[in-house]
Amino acid sequence: MDNNKLAELIFPNIKGTAAELEDQFPKRNLPDGAYVTRFAPSPTGYMHIGGLYAAMISRKLAEQTKGIFYLRIEDTDRKREVEGGVNEIIQSLAGYGIAFDEGPFSGSEKKYGPYKQSERKEIYQACVKELIRKGFAYPCFCTSEELDQIRAEQEGKKVDTGYYGEYASCRSLTYKEIEDKIKAGIPYVIRLKSPGSSKNRIMYSDPIRKNIEMPENIMDLVLLKSDGMPTYHFAHVVDDHFMRTNLVVRGDEWMASYPVHKQMFDICGFEAPAYLHISPIMKMDGTAKRKLSKRKDPEAAVSYYLEQGFPAESVKEYLLTIANSNYEEWHAKNPDLNEGEFHLSIKKLPSSGALFDMAKLTDVSREIIAAFSVEDCAQRIRVWAGKYEPDLYQFIEDHREQFHQTIQLWKVSGKKIRKDVAKWSELMTMFDYLYLPQEKFEKKVSYEIEEKFGKEQLKEAVTAYKQDLFLNAENWFDQMKELGETMGYCPNVKEYKKNPQDYKGSIADLCSMIRIAVTGHKNSPDLHTIMSVLGEEIVQKRLESFLTQL
């Protein structure tokens with residue numbers, strides 16, 4: 001068959017050549033050892049935490065070698081695309097300090113673009129036209145029913161299932177048969193004519209998993225679909241070559257695709273990039289580990305951490321502890337350096353499933369929030385609350401000064417920095433009494449009354465305190481001691497422990513009853529500060545509400 005004639009029959013309007021593409025997208029002028037990496041998601045509106053993990057590793061390796069990290073959007077499946085999906089990806093990663101050097105966004109270098117696969121159709125077709133000329137590709141007119149029939153025949157013979165060798169019926173079509181089918185308007189795809197043999201094995205050397213022997217690809221896989229757009233495998237090969245990617249960071253579930261990709265690179269005459277197959281993000285499910293699931297695990301989505309209010313630094317730092325086991329030791333030795341100064345080692349990437357421990361993330365986040373200033377916390381919480389927590393946001397807008405006081409309240413105890421808060425959403429569960437409007441607080445509150453306090457005792461204590469809150473007194477606690485002493489409560493805790501039978505309780509008991517009435521909780525930060533933030537009017541309403549519900 002005249003392959004040149006066949007190439008022109010199928011692609012009469014494609015005038016560009018693969019050689020011209022080589023000139024259009026020349027090798028990048030970068031230092032020796034510089035990595036060109038990429039993040040190549042589909043704009044489906046959902047980003048998995050594993051995607052953030054891979055993007056972070058890709059960005060770090062490019063950055064520390066003075067290379068390039070770019071964004072490529074794999075949008076050939078338009079049915080799954082979500083409007084605004086590209087911006088969602090860019091903004092999500094930017095929120096974690098992961099920026100791109102190039103991509104489909106304003107201000108980007110366009111030399112190696114377009115960066116959306118839907119805009120690169122002619123590039124793919126020029127490469128396929130070249131493969132047809134070389135005898136490595138051909139049109140296939142098989143229907144889905146015919147493919148099912150081939151598969152059924154293979155299953156009966158217990159051989160590999162797929163379109164290859166003697167089962168690739170369209171391989172043997174003559175030029176005239178192909179021409180007639182095209183003129184008749186019969187739909188077709190373009191398939192790879194695989195030169196592989198089932199007898200051959202290839203050796204793959206992975207930086208993490210070392211040498212792996214794998215069977216050579218024998219399948220005549222689809223290169224272009226019937227709409228002229230490429231399949232994932234072929235688009236990946238063409239894009240990584242002409243965007244001059246030299247390191248592909250991807251999940252280890254793609255390792256099985258290496259023989260396909262290597263074969264496609266070879267028959268196209270392209271140099272294949274290095275592949276770094278990272279372990280998937282896992283979680284414990286009982287006594288076994290499994291992959292984080294979009295369906296089962298809310299924490300699989302990057303959006304979960306934003307909604308919960310984990311600072312970006314917390315998530316990123318925790319992912320670094322997963323990526324390199326020596327990160328924690330480095331951070332302990334260099335507390336004043338940020339994670340950008342850490343040198344990520346490929347050799348230290350985990351070779352088995354990377355376990356995501358939510359409790360460990362929470363611990364990391366508590367440490368990070370504890371190190372934030374009050375002003376930094378206030379700014380971050382305001383931005384978060386504006387998106388996810390309207391009651392808290394309204395409190396911030398209406399009571400800026402008091403809001404700063406509340407941060408100081410849960411961040412500092414005397415001279416000690418507290419580490420109670422790990423994410424901003426906890427503010428509305430741990431300190432709802434500070435931020436909820438009175439009517440919502442009354443509907444939500446469930447008083448944590450200690451068993452030792454009787455109903456009459458509570459009523460007496462709260463009623464007495466209601467007469468004068470003395471919130472503006474110079475020494476509120478001394479005033480509480482005086483009130484307690486008149487009611488039969490010991491003003492000195494040590495003395496009360498010696499002779500408890502002589503008193504109704506201690507000053508601590510009196511304060512506890514007022515605390516429960518005001519906050520609903522038996523434990524809280526400094527009670528006087530809480531009431532000062534709430535103000536006399538709200539405190540009076542809280543006490544009245546408590547007495548009503550007794």
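Me: Which residues does W410 touch, not counting residues up to four places away in sequence?

Reply: This is a predicted model, in which local features need pLDDT of at least 70, side-chain atom pairs count only at pLDDT 80 or more, and totals for chains, interfaces and linings use all residues. Residues are numbered from 1 along each chain as its sequence is written, and side-chain values use heavy atoms, leaving out hydrogens and water. With contact meaning heavy atoms within 4.5 Å, W410 touches I369, C377, I381, R418, D420, V421, W424, L427, F431 and Y435.

Me: Which residues have the most contacts inside the largest nonpolar core?

Reply: A nonpolar core is a set of buried Ala, Val, Leu, Ile, Met, Phe, Trp, Tyr and Cys residues joined through side-chain atoms within 4.5 Å. The largest such core has 107 residues, and those with the most contacts inside it are W410 and Y465.

Me: Is Q263 buried or exposed?

Reply: Buried means under 20% relative accessible area, exposed over 50%, and partly exposed in between (1.4 Å probe, protein chains only). Q263 has a relative accessible area of 6%, and is therefore buried.

Me: What is the length of the polar contact that joins the side chains of Q263 and N217?

Reply: A polar contact is a pair of N or O atoms within 3.5 Å; within protein, one must be able to donate a hydrogen and the other to accept it, and residues adjacent in sequence count only if both atoms are side-chain atoms. N217 is among the residues that Q263 touches. The polar contact joining their side chains is 2.8 Å.
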